[in-house]
Amino acid sequence: MPNLLVRPWTLVVFRAVVTCEAALALGQAVLAGSFLSGHYGALDLHALNAAATGLTAVAQVVAGLLLWRPGGGPSWPLLAAVALFGAEAGQIAMGYGRVLAVHVPLGVAIIACTFLILVWAWRPAACPNRAREERI
């Protein structure tokens, strides 16, 4: 039987990091759109934000690890964070290589997956302690 007692501080850390990651990922799309609209300085900001997004992805791996152990939460957020970090590393490489046929759809997939994790993290079901307390 899985451990249903998640340490709340680990969920708070995970939520904070995932929220930052989602905001940065959304910023990437906005900056790319700005560049495509003719604001060519946005490309430098897009590259800078990519570095921030990659560093935050590393923090998300750490937060996923803390959520799982010692937090007592599920392991899949850690696995998802590792996969997203790998995807973002590939995304950065494709961007600098100007391989837009991969860069653009991979960016869409990264944003979609990041927001799915964000939605899960903020759902009450992510903290079984609270749901269990409310039933009692």
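**Exercise 1.** Find how many helices and strands the chain has, and write down their pattern along the sequence.

*Solution.* Start by counting: this predicted model has 5 helices and 0 strands in its chain. Next, walk along the sequence, and the pattern reads α-α-α-α-α.

**Exercise 2.** Decide whether T10 is buried or exposed, and list its contacts beyond its sequence neighbours.

*Solution.* First, locate T10: it sits in helix α1. Second, check its relative accessibility, which is 0%; T10 therefore counts as buried. The cut-off for buried is under 20%. Third, set aside neighbours within four places in sequence; T10 is then in contact with L66, L67 and G71.

**Exercise 3.** Describe the largest nonpolar core and say which elements give two or more residues to it.

*Solution.* Begin with the size: this core has 17 residues. Those with the most contacts inside it are L11, F14, V18, L67, I117 and W120. Now turn to the helices: α1 (8-36), α2 (42-68), α3 (76-96) and α4 (100-122) each give two or more residues. Finally, take I117 as an example. Not counting residues up to four places away in sequence, I117 touches F14, V18, Q60, W76, A80 and L84.

**Exercise 4.** Work out what share of the residues is buried, and what share of the contacts joins residues at least 24 apart.

*Solution.* For burial, take the 136 residues of the chain: 35% count as buried. For contacts, keep those between residues at least 6 apart in sequence; 72% of these join residues at least 24 apart.

Terms used:
Residues numbered from 1 in each chain as written. Predicted model: local features only at pLDDT ≥ 70, side-chain atom pairs only at ≥ 80, totals over all residues. Heavy atoms only, no water. Core = buried A, V, L, I, M, F, W, Y, C linked by side-chain atoms within 4.5 Å. Buried < 20%, exposed > 50% of the residue type's maximum accessible area, 1.4 Å probe, protein only. Helix = DSSP H or I, 4+ residues; strand = E, 2+ residues; numbered from the N terminus. Contact = heavy atoms within 4.5 Å.
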